[in-house]
Amino acid sequence: TYNGTWKVDRSENYEKFMEQMGVNMVKRKLAAHDNLKIILEQTGDKFVVKEASTFRTLDMEFTLGVTFEYALADGTMLSGSWGMEGDMMKGTFTRKDNGKVLTTTRDIVGDELVQIYSYDGVEAKRIFKRG
Ligand code: MYR
């Protein structure tokens, strides 16, 4: 189950990923230490998400397979949806400003939540521990 509180423990290639996304250097440096915390609560197909970081706090919800909009911390708007592939969450989102696609997965590996982001040929990983 994805339910619970997840705190980012470490990231792989996240700076490169943000650079590909067009995030400037100052923001990349800050984002590398964003202390991202995600609280997930799934009931059936519906997820309630609470996100907290050094940038913002955000409460939102989505339903698997249903398109929604999501603003990144820098204001970049995405539109897309999450679905399940087996036990893995798979999200496909499109940037509203340039039409490019960002895909992401969430998977529980051991006692960690592994989220992979992919955009324009660059892949990054953020690994969360239960908090
Ligand atoms: C959620 O389930 O947490 C809310 C929806 C997430 C949408 C996709 C998130 C992609 C985040 C990419 C970070 C890029 C930073 C430049």
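**Exercise 1. Overall form**

What percentage of the 131 residues in the protein do buried residues make up? Describe also the fold pattern and the overall dimensions of this predicted model.

*Solution.* Step 1: buried residues, those under 20% relative accessible area, account for 36% of the 131 residues.

Step 1: the secondary structure consists of two helices and ten strands, and along the sequence these elements follow the pattern β-α-α-β-β-β-β-β-β-β-β-β. The radius of gyration is 14 Å, close to the 14 Å given by the globule rule for 131 residues, so the protein is as compact as a globular protein of that length.

Step 2: the C-alpha trace spans about 40 × 30 × 25 Å along its principal axes. The accessible surface amounts to about 7,300 Å², and 50% of it belongs to carbon and sulfur atoms.

Step 3: of the contacts between residues at least 6 apart in sequence, 37% join residues at least 24 apart.

**Exercise 2. The buried face of α1**

Identify the buried residues of helix α1 and explain how they are arranged around its axis.

*Solution.* Step 1: in α1, which covers residues 14-21, the buried residues are Tyr14, Phe17, Met18 and Met21.

Step 1: viewed down the axis of α1, these buried residues fall within an arc of 95°, so they line one face of the helix. The general principle is that an α-helix has 3.6 residues a turn, so residues three or four places apart point the same way.

Step 2: the cover over the buried residues of α1 includes helix α2 (25-31) and strands β1 (4-12), β7 (88-95), β8 (101-109), β9 (112-119) and β10 (122-130).

Step 3: just after α1, Gly22 adopts a positive phi of about 90°.

**Exercise 3. The nonpolar core**

How many residues does the largest nonpolar core have, and which of them have the most contacts inside it?

*Solution.* Step 1: the largest nonpolar core has 29 residues. Those with the most contacts inside it are Phe17, Leu40, Phe47, Val49, Phe62, Phe68 and Trp82.

Step 1: helix α1 supplies the largest share of this core, four residues.

Step 2: take Phe62 as an example. Leaving aside residues up to four places away in sequence, Phe62 touches Asp45, Lys46, Phe47, Val49, Phe68, Trp82 and Met89.

**Exercise 4. Strand pairing around β10**

How many bridges join β1 to β10, and how many pair β9 with β10?

*Solution.* Step 1: β1 and β10 run antiparallel and are joined by six bridges. Within this pairing, Ser11 has Arg126 of β10 as its bridge partner.

Step 1: β9 and β10 also pair in the antiparallel sense, over eight bridges. Here Tyr119 stands opposite Val122 in β10.

Step 2: the hairpin of β9 and β10 has two residues between the strands, and Asp120 in this hairpin takes a positive phi near 55°.

Conventions:
Residues are numbered from 1 along each chain as its sequence is written. This is a predicted model: local features need pLDDT of at least 70, side-chain atom pairs count only at pLDDT 80 or more; totals for chains, interfaces and linings use all residues. Side-chain values use heavy atoms; hydrogens and water are left out. Buried means under 20% relative accessible area, exposed over 50%, partly exposed in between (1.4 Å probe, protein chains only). The arc is that of the directions from the helix axis to the C-beta atoms. Contact means heavy atoms within 4.5 Å. A nonpolar core is a set of buried Ala, Val, Leu, Ile, Met, Phe, Trp, Tyr and Cys residues joined through side-chain atoms within 4.5 Å. The radius of gyration is taken over C-alpha atoms; the globule rule is 2.2 Å times the number of residues to the power 0.38. Accessible areas come from the Shrake-Rupley method with a 1.4 Å probe; for residues, only the protein chains shown count as cover. Two strands pair if DSSP finds at least two bridges between them.
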